[in-house]
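Student: I would like to learn how to read a few features of a protein model. Please give the general idea and then the case at hand.

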Amino acid sequence: MKHTTLGSVDGGLDVGRLGLGLMGMSAFYTGSGTDDDESVRVIHAALDHGVTLLDTADMYGPHTNEQLLGRALRGRRDGVVVATKFGNVTDPEARGERAVDGRPEYVRRSIDGSLQRLGLDHVDLYYQHRVDPQVPIEETVGAMAELVTAGKVRHLGLSEAAPETIRRAHATHPITALQTEWSLWSRDPEAEIVPLVRELGIGFVPYSPLGRGFLTGALRSVDELADDDFRRFAPRFSGDALQANIRIVEQVDAVAREVGATPGQVALAWLLAKGEGVVPIPGTKRRTYLDENVAADDVVLTAAQVEQLDAVAAPQGDRYADMSTVDR
């Protein structure tokens with residue numbers, strides 16, 4: 001797999017151009033149950049393919065996804081870039097009081113828990129999963145910077161942060177990567193956030209690069225989803241919005257036929273065509289889909305095809321309620 005660099009501090013973080021998001025192995029897409037043995041096999045297959053960036057979070061499960069990754073990495077830690085996140089409170093007794101916590105004491109407590117579950121002495125990339133509106137970003141990132149000094153973390157990241165928050169965080173300690181939803185299904189970052197991270201030398205890690213499975217072309221009705229699949233309740237998958245959004249997949253499919261690839265591979269190749277420092281992290285629980293996703297590294301789109309996809313209309317319906325719209 002070809003490589004790229006996230007961020008610029010200390011030479012940046014060298015990673016394969018496609019990472020692997022692990023969330024669906026333990027949370028949100030588990031209507032058919034979980035299969036940790038198969039998930040470990042998928043992770044090992046990803047490493048065999050040259051994937052180096054593995055993405056988890058303490059809230060996935062909660063906690064069980066980090067444990068899963070820790071199990072998969074036994075004897076295979078070398079060359080792997082481990083990314084995890086904190087900030088979404090996972091204690092059910094505390095959630096009513098504080099759904100997001102960016103206090104320095106919570107930062108320190110969270111990394112110790114993650115390292116224990118992962119079975120590691122450090123993580124390579126540590127994200128604040130969501131910005132805490134009650135804590136200045138300088139305090140949170142300042143505490144995260146202390147973890148770098150202590151050797152528990154190598155690089156810092158933010159997830160779903162707004163522009164001025166990113167700028168203030170980066171002034172406190174260099175930010176290596178921003179993780180935000182970005183795909184042909186979600187174009188919002190292109191207005192302000194993508195230019196900003198380019199200016200600051202921050203890498204961009206698009207999550208849900210396949211539009212929560214929609215851009216693969218396989219999903220045409222929520223009736224195909226498990227009863228507890230959260231996409232059933234997402235505005236973009238509902239009613240008239242879903243029918244209108246199918247036109248996006250039809251346009252992706254047209255390009256896919258031209259280049260002899262699948263729609264999902266074209267959606268990933270479109271992101272890869274956006275330049276250096278962009279590392280999508282498609283998630284899957286099946287090796288067949290992993291093989292398909294990784295093969296997108298070899299799909300080359302012409303400038304005309306990229307422009308054709310750039311012109312695809314924005315999807316109808318909100319994606320979901322996130323916490324990135326207001327600077328903190």
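Student: Which residues in H2 meet which residues in H3?

Tutor: This is a predicted model, and the contact can be listed from both sides. From H2 come Glu-66, Gln-67, Leu-69 and Gly-70, and these meet Ser-114, Arg-117 and Leu-118 in H3. Sorted by class, the contact of H2 with H3 has 2 nonpolar, 3 polar and 2 charged residues.

Student: At what angle do H2 and H3 pack, and how far apart are their axes?

Tutor: Two packed helices are described by the angle between their axes and the distance between the axes. For H2 and H3 the angle is about 45° and the axes are 7 Å apart. H2 and H3 are therefore oblique to each other.

Student: Which residues of H2 are buried, and what do they pack against?

Tutor: An α-helix has 3.6 residues a turn, so residues three or four places apart point the same way. In H2, which spans 64-72, the buried residues are Asn-65, Glu-66, Leu-68, Leu-69, Gly-70 and Ala-72. The buried residues of H2 pack against H1, S4 and S5, as well as against H3 (104-118).

Student: How do the axes of H1 and H9 cross?

Tutor: The axes of H1 (residues 36-49) and H9 (residues 287-294) come within 10 Å, and the crossing angle is roughly 25°. That makes H1 roughly parallel to H9, since angles under 35 degrees are put in that class. The crossing of H1 past H9 is right-handed.

Student: Which residues of H1 and H9 meet?

Tutor: On the H1 side they are Glu-38, Arg-41, Val-42, Ala-45, Ala-46 and His-49, and on the H9 side Arg-287, Leu-290, Asp-291 and Val-294. The contact of H1 with H9 divides into 5 nonpolar, 1 polar and 4 charged residues.

Student: In what order do the strands of the open sheet lie?

Tutor: The open sheet has 7 strands in the order S3-S4-S5-S6-S7-S8-S9, with parallel pairing. S3 (20-21) and S9 (203-207) are the edge strands, each pairing on one side only.

Student: How many bridges join S3 to S4, S4 to S5, S5 to S6 and S6 to S7?

Tutor: Going along the sheet, S3 and S4 (residues 53-55) pair over 2 bridges, and Gly-21 stands opposite Asp-55 in S4. S4 and S5 run parallel and are joined by 3 bridges, with Leu-53 opposite Val-81 in S5. S5 and S6 pair in the parallel sense over 4 bridges, where Thr-84 stands opposite Tyr-126 in S6. Between S6 and S7 (residues 153-159) there are 5 bridges, again with parallel strands, and Gln-128 stands opposite Leu-158 in S7.

Student: Which residues are on one side of S5 and which on the other?

Tutor: In a regular strand the side chains alternate between the two faces of the sheet. In S5, Val-81, Ala-83 and Lys-85 are on one side, while Val-82, Thr-84 and Phe-86 are on the other, and all of these are buried. S5 (residues 81-86) thus has 6 of its 6 residues buried. S6 (residues 123-128) is also mostly covered, with 6 of its 6 residues buried.

Student: How many helices and strands does the protein chain have, and what percentage of its residues count as buried?

Tutor: The protein chain has 10 helices and 9 strands. Of its 328 residues, 57% count as buried. Among contacts with a separation of 6 or more, 75% are between residues 24 or more positions apart.

Note on methods. Residues numbered from 1 in each chain as written. Predicted model: local features only at pLDDT ≥ 70, side-chain atom pairs only at ≥ 80, totals over all residues. Heavy atoms only, no water. Axes fitted to C-alpha atoms, helices over the stretch in contact; angles between N-to-C directions. Parallel < 35°, antiparallel > 145°, perpendicular 65-115°, else oblique. Left-handed = near helix turned anticlockwise from the far one by under 90°. Contact = heavy atoms within 4.5 Å. Nonpolar A, V, L, I, M, F, W, Y, C, P; charged D, E, K, R; others polar. Pairing = 2+ DSSP bridges. Buried < 20%, exposed > 50% of the residue type's maximum accessible area, 1.4 Å probe, protein only.
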